[in-house]
Amino acid sequence: MSNTPNYEVPAEMRDFAEKSVDQARKAFDSFIGAARRTADTVQGSAETARTSAQDVSARGFEFAEQNVNAAFDLAQKLVRSRDLQEAMQHQAEFVRSQFAAIQAQAKEFGGLAQSAMQQGAEKAKAAMQEGAENTRKAMEQGTEAARKAGADAEQAIRNANS
């Protein structure tokens, strides 16, 4: 039978190992926190996009309803027209008013789309900047923890060799 020598781990080495684990845990927690904050910001951007899409959709239905009502109003005027000249006048008025309405609607849709894109871009930019800053801070903390762990290890080795 071989006897395995019983080596005792010096207290300094155990302390060093415990500090290293604690520092690694803190660095990891910091990194995960940064990642979660970034994910929350991205989710906020997605929520903004969803809300903008709902606004555009609702406005589209309002425009469609206005345009269909205008067409029904024209149909009613045409049915009540006394002669062909009056019917043609109603038709011309309808074409002019609908052309103006469609121009206004297109302009409003353009504004809604531009606003949605601008908000989305701003939120995405903020999310990217925040994510980069959080990651930079987490990396700095991890680097500092690694540097301190290395210094503690050197000190523990010196103490153990003394």
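Analyst: Let us begin with a definition: a residue counts as buried under 20% relative accessible area, as exposed over 50%, and as partly exposed in between. The structure we shall read with it is a predicted model.

User: Is Arg59 buried or partly exposed?

Analyst: Arg59 has 21% relative accessibility, so it counts as partly exposed. For the protein as a whole, buried residues make up 18% of the 162 residues.

User: How many helices and strands does the protein have?

Analyst: The protein contains two helices and zero strands. Helix H1 covers residues 11-80, and helix H2 covers residues 84-161.

User: How should I read the radius of gyration of the protein?

Analyst: One sets the value beside that of a compact globule with 162 residues, which would be near 15 Å; the protein has 35 Å. The box filled by its C-alpha atoms, taken along the principal axes, is roughly 120 × 35 × 20 Å.

User: What share of the contacts between residues at least 6 apart in sequence joins residues at least 24 apart?

Analyst: In the protein, that share is 82%.

User: Which residue forms a salt bridge with Arg59?

Analyst: One partner is Glu108, with 2.5 Å from N to O. Because Arg59 lies in helix H1 and Glu108 in helix H2, this pair ties together parts that are 49 residues apart in sequence. Glu108 is partly exposed, since its relative accessible area is 31%.

User: Where do Arg50 and Glu47 lie?

Analyst: Both belong to helix H1, three residues apart, which is about one turn of the helix. Arg50 counts as partly exposed at 41% relative accessibility, and Glu47 counts as partly exposed at 39%.

User: How far apart are the closest N and O atoms of Arg136 and Glu133?

Analyst: They are 2.3 Å apart in this salt bridge. Arg136 and Glu133 are separated by about one helical turn because they are three residues apart in helix H2. Arg136 is partly exposed, with a relative accessible area of 37%, and Glu133 is partly exposed at 32%.

User: Which residues do salt bridges with shared partners join into one network?

Analyst: The network consists of Arg59, Glu62 and Glu108.

Note on methods
Residues are numbered from 1 along each chain as its sequence is written. This is a predicted model: local features need pLDDT of at least 70, side-chain atom pairs count only at pLDDT 80 or more; totals for chains, interfaces and linings use all residues. Side-chain values use heavy atoms; hydrogens and water are left out. Helices (H or I, at least four residues) and strands (E, at least two) are DSSP runs, numbered from the N terminus. The radius of gyration is taken over C-alpha atoms; the globule rule is 2.2 Å times the number of residues to the power 0.38. Buried means under 20% relative accessible area, exposed over 50%, partly exposed in between (1.4 Å probe, protein chains only). Contact means heavy atoms within 4.5 Å. A salt bridge is a side-chain nitrogen of Lys or Arg within 4 Å of a carboxyl oxygen of Asp or Glu.
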